[in-house]
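Please read this report with the sequence and the three-dimensional view side by side, and look up each residue as it is named.

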Amino acid sequence: MPRIPELLTSIISILEDQKATEIFYTSVKKHTSLCSYIVVASARSTKHAYALSDMVIELCEDSSLPLAHREGDSSSEWILIDAGSIIVHVMTPEMRALYCLEKLWH
């Protein structure tokens, strides 16, 4: 099983390779015991968001990381992946602008 920093790097790489935009990540260890890192990325559409989330989930499974939960489906504008120490939010630009998650954690 990979260490958290390596898994974070792999998640960011997948999002970049698959054309996610405005990828933001930060450590939240000082703010919560829920997770160590938050990742937020924008997708072009709901289908793109779901495809990105599938690839992150596949990476977690390939890394023998038990996937805790995925919220959202192929028509969702916001998909959340709880990968234990890393929580990934994949959102359409409209949802991202509405909720401004970066401001909560930055």
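## Strands and hairpins

In this predicted model, E71 stands opposite L80 in strand β4. Strands (E, at least two residues) and helices (H or I, at least four residues) are DSSP runs, numbered from the N terminus. β3 and β4 pair in the antiparallel sense over 3 bridges, where pairing requires that DSSP finds at least two bridges between two strands. The two strands β3 and β4 form a hairpin with 6 residues between them, and in its turn G72 has a positive phi of about 115 degrees.

β4 also runs antiparallel to β5, joined to β5 by 5 bridges, and D82 stands opposite I87 in β5. The hairpin of β4 and β5 has 3 residues between the strands, and there G84 takes a positive phi near 75 degrees. In a regular strand the side chains alternate between the two faces of the sheet. β4 has a covered face, made of I79 and I81, and an uncovered one with W78, L80 and D82.

## How the model was read

Residues are numbered from 1 along each chain as its sequence is written. Because this is a predicted model, local features need pLDDT of at least 70 and side-chain atom pairs count only at pLDDT 80 or more, while totals for chains, interfaces and linings use all residues; side-chain values use heavy atoms, with hydrogens and water left out.

The pLDDT is the predictor's confidence in each residue, from 0 to 100. The protein chain averages a pLDDT of 91, and 94% of the residues score at least 70. Confidence is highest in β2, at 97, and lowest in helix α4 (residues 101-105), at a mean of 83.

The 17 residues of α2 should span 24 Å at 1.5 Å a residue, and the end C-alpha atoms of α2 are 24 Å apart, which agrees; the expected span is 1.5 Å times one less than the number of residues. Among the buried residues of α2 are H48, A49, L52 and V56, where buried means under 20% relative accessible area, exposed over 50%, and partly exposed in between (1.4 Å probe, protein chains only). What covers the buried residues of α2 includes α1, β2, β3, β4 and β5. Just after α2, S64 takes a positive phi of about 60 degrees.

A nonpolar core is a set of buried Ala, Val, Leu, Ile, Met, Phe, Trp, Tyr and Cys residues joined through side-chain atoms within 4.5 Å. The largest such core has 24 residues, and those with the most contacts inside it are I11, L15, V39, V56, I86 and V88. At least two residues of this core come from each of α1, β2, α2, β4 and β5. A second, separate core of 8 residues includes F24, C35, I38 and L101.

## The aromatic pair

The structure holds 1 aromatic pair. W78 and Y99 form this pair, which is tilted, at 4.9 Å centre to centre and 50 degrees between the planes. Rings of Phe, Tyr and Trp (its six-membered ring) pair if their centres lie within 6.5 Å, and planes under 30 degrees apart count as stacked, over 60 as edge-to-face and the rest as tilted. The pair links distant parts of the chain, with W78 in strand β4 and Y99 in helix α3, 21 residues apart. W78 counts as partly exposed because its relative accessibility is 26%, and Y99, at 42%, also counts as partly exposed.

Notes
Contact means heavy atoms within 4.5 Å.
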